[in-house]
Amino acid sequence: MSRRKPALTWPRVAAWLWGAVLLACALGLAALLRDGLPADTRLTAMLPEDRQSPLIERADAQLGQSFEDRFVLLLSSSTLNADTHVLAQALTAANGNTNPPWLARLDWRDTDLADQDPRDDLGQYRYRLLTPALRQAIAADGGQSLVEPALRELFSPTGQPQPVTDPFGLLDHWLTFLDAVLAESTVRPRDGLLTLQDDERTYALLIGQLARSPYDLTAQQALTSTIAEFEREHPEVSLLRSGLVFHAATGARQARQEITTIGLGALIGLVAVLCFVFRSPRVLGHMLLPLVGGVLFALPITLLLFGRLHLLTLAFGASLIGIAIDYALHVQCHRAVQGTAFRLRPLLPGLTLGLVSSLLAYLAQALTPMPGLRQMAVFAALGLLGAWLTVVLWLPRLTSPAHPFTDRLSRRLWQLTMPRRRLPPRLATLFAILLVSLVAWQLEADDSLRLLNPSPASLLEQEQQVQRLMGSNTGNRYYLVTAPSEAEVLSRLVALGATLSRWQQDGVSLRYTNLADSVPPPEVQQANLARVRQLYGEPLTTLLERAGLPTRLAEQARQTLHDAPVLDVSSWLATSAGQGQARLWLGATDTRDASEKEPRFAAMLPLTDVDASLVPRLERLAQTREGVSYVDRVERLSGLLGQLRQHIAWWVAAAVAGLALLLAWRYRRWTWRVLAPPLGAILGVLGILAVAGIPLNVFSQLGLLLVLGIGLDAGIFSVEHARRAETWLAISLSTLTSLLAFGLLAFSATPALHYLGLSCLIGLALVWLLVPWVRPPDGANVKEPR
Amino acid sequence: MIRTLLLLLIGLPASALAFTLDDLQARLNQTDALAGRFEQQRHLADLDTQLTSRGHFRYQRDERIVWVLESPIEDRLEFTPDSAANIDDSLGGNQRGRDQVAALLLDLLGGDWQALQTHFRIELSGDARDWQVDLTPLSDALRDRLSEIRIEGGEYLDDLTLHAANGDRLHVRFFDQQPAMKDKDVTP
């Protein structure tokens, strides 16, 4: 379709080709996103897999599940019954307003949790389930001491005697024992409500099951606004809340607030600066074009390569592509100053080196074993490439007005900010050595998971209080127990529980939930049945005689023992009482290699109220037992975050070393002048963090990656075009715009964004300050030193 | 005694009109404390046997009922709204079930229809001198265990029958009932 007049030149063809590629990308993206963005939010999806991890990962996910879909409200007031009704009705009404509903169910009446009688489910297993107290009683005197209580049960008006099926009330004993074992049992029905009791007051309990994800905005909105309204109307009621949905809602609200303050501030600032310098809204569009081109190019290809996109990839990757605005700024500044004399060719070496250096720095991460990091690197590198191609192929072809003010401004800036002198290499080296030693001595690292948790302290406190009152746990610390068979897993759990309960008796503060307490191992169930046979001998006859019941009943009762089934884990978990423990059982785990030693069944034993001083003892216990490992979820994720951080650091360092060789090939003894702005700024940031006592974390380090990319571009251009005022203007604009885009995040209340922003704020300012001091001496140019 | 007479006089005009659940509640609540004897018969359907026990009781409204078994065994049970624990023994069966039955017993003796209405459909028949109340469970969960409760009486509650879903029946007859001093020691 080309017309005859403009010749079919090579750049023209390339520009059209690039347009076709982007169009294909856009179509591909539309096809890929037809079913929504396949996004992944799990932090652990960013991290490498090792041999043990898949199992631990499953354990983690399963233990955390109940915390994710469920929320708990605890109410306390002087008019508890009325207030609870009001709140429950308000929540139900709010659920009716949305379609589809966000609330799957809400339990708060005393009848809500008592749908099924556990007797029906567990009745047939009762002869194999003996409480420790009953076991001891039978072992002591054959069970004679149990006759008296059984008699009382027969004649009490509240008893439910079954002289044949269960003359000694074994099932009742077992259910009472289960009440103590199962966490939920602290909940008591009272006055038509579900209540919890502590030393001071009674709380009414509302348990909600979400029908949607806790990150769903409609669900968050409906829930929090209903509760807020209730609190406004009933200021005397004190309310405790627990559940991921509340934390997610707080996070979302905070993010929204910051988008309107920090985000809008940065955007207005950016537009104002670019309009001030270039005096043209069209130029503003040209600046954004490379960013759009970059993301459009990177997104479909990354999706094709990885199948799904991690949200962190999208967030940080898009920021890294933001470096591409540098290219557009350089082209635009030169064009604005040089007017019609502008040619792209002199800029090409700088632009290309800028691209290659950034590509190297990011692609180095693609070689790491971290899947998330690889994805981020590929995404950023593709994006940069796309942006660069857009700048080089399209921008020169787009007519853009060159306002004389830009030229005047660049000269003015040059005069005002360029120092007469240069930083002597020796002094620079001395500074660098000082900083390195300071960083080595002082800088600490912090990989704690708190960085990912933006929840305010008051909400965390409520969360803890609810968990404590409910006797539940978030499953942060647990033993993972594996064995070749289900029976062996249960036996190992019993042994573990025995040790822990001995510790408890010694006064160690510790609570735990043991699946083997509710499902005894088969051999224990066998032994229990033998004891029950003993109990059904002499003691049973005595009982019937004293109650005045016919003794033929004894023979009938003994008949029931003949085919008493063994309770296995899956049968227990299928009962109404056992459902709550489903999260403790991983069951048969598929192992890839078929070696016989491989554990095949796994269960968890969660620990609560663990004092920090107890942790080494817990770890030692796991080491001495076969198939038992101690897992601290928070600790493990923190460790993985630390690994992520170290991997980034080493691979980027290696990339920079390789880059130095490449730069030395072009710049020879001026190489240090190219590297000084980025590396000096990074060193400066680390030094300031060290002096201020702020530990380095994965997010501040990601910020340093941005500093590296922008600093390298600045270093390259300042050496390539040492005497050009327009280059200095472009460098200044690039650091200023990046400062606005990322540096302002330092004021965010979200820890992750705050640290990222802080690194950028300090680092970018240092880049800008360093460039003038290390630029090559006047009168020299790149070609000369070669 | 004078107080009872007075209350009876106040109660008389109401009995001339239709006798309502509110009237019955007022009637049952006239006495803060009550003492008397009981005979309990438990019919076990699938064994076709009877378990019979006798003893005396003391009921204190909204507080507790003390149940003293005299034959065939001697035992003392105490039920309160919060707990129906057997004060003598800790190996006493399933706590939740006992609590619920004890709470039910206290509600029935006190004629607390408001509390009972959440679980039962309540029907009153008869008049002030000879009334019957039938309670039918509302929820499936409760119906699985209880099919019907029937209480009968005149001045006091005289008969209580619980029909379990499995055909078992608990019948308690109260007799020799007298108002008792509220703060008197409850031990027999």
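This is a predicted model: local features need pLDDT of at least 70, side-chain atom pairs count only at pLDDT 80 or more; totals for chains, interfaces and linings use all residues.
The charged end of Arg279(A) sits over the ring of Phe405(A), at 3.8 Å from the ring centre.

Phe405(A) forms one of them with Phe276(A), in an edge-to-face arrangement. The two ring centres are 5.2 Å apart, and the planes make an angle of 75°. Phe276(A) belongs to helix α9 of chain A, which covers residues 244–278, and Phe405(A) to helix α15, which covers residues 404–417. The pair therefore ties together parts of chain A that lie 129 residues apart in sequence.

Arg617(A) places its charged end over the ring of Trp503(A). The distance to the centre of that ring is 4.3 Å.

## Aromatic residues of chain B

Phe57(B) and Phe174(B) are both buried. Phe57(B) is in strand β2 of chain B (residues 49–60), while Phe174(B) is in strand β9 (residues 169–179). Because the two phenylalanines pair, parts of chain B that are 117 residues apart in sequence are tied together.

Phe57(B) and Phe174(B) also belong to one aromatic cluster, whose other members are Phe38(B) and Trp67(B).

## Chain B as a whole

Chain B contains five helices and nine strands. Read from the N terminus, the order of these elements is α-α-β-β-β-β-α-α-β-β-α-β-β-β. Strands β2 and β9, which carry Phe57(B) and Phe174(B), are among these elements.

Of the 188 residues in chain B, 45% are buried. The chain exposes about 9,400 Å², and carbon and sulfur atoms supply 51% of that area. When contacts in chain B between residues at least 6 apart in sequence are considered, 43% of them join residues at least 24 apart.

Definitions and conventions:
Residues are numbered from 1 along each chain as its sequence is written. Chains are lettered from A and ligands numbered from 1 in the order in which they are written. Side-chain values use heavy atoms; hydrogens and water are left out. Helices (H or I, at least four residues) and strands (E, at least two) are DSSP runs, numbered from the N terminus. Buried means under 20% relative accessible area, exposed over 50%, partly exposed in between (1.4 Å probe, protein chains only). Contact means heavy atoms within 4.5 Å. Accessible areas come from the Shrake-Rupley method with a 1.4 Å probe; for residues, only the protein chains shown count as cover. Rings of Phe, Tyr and Trp (its six-membered ring) pair if their centres lie within 6.5 Å; planes under 30 degrees apart count as stacked, over 60 as edge-to-face and the rest as tilted. A charge sits over a ring if NZ of Lys or CZ of Arg is within 6 Å of the ring centre and within 35 degrees of the ring normal.
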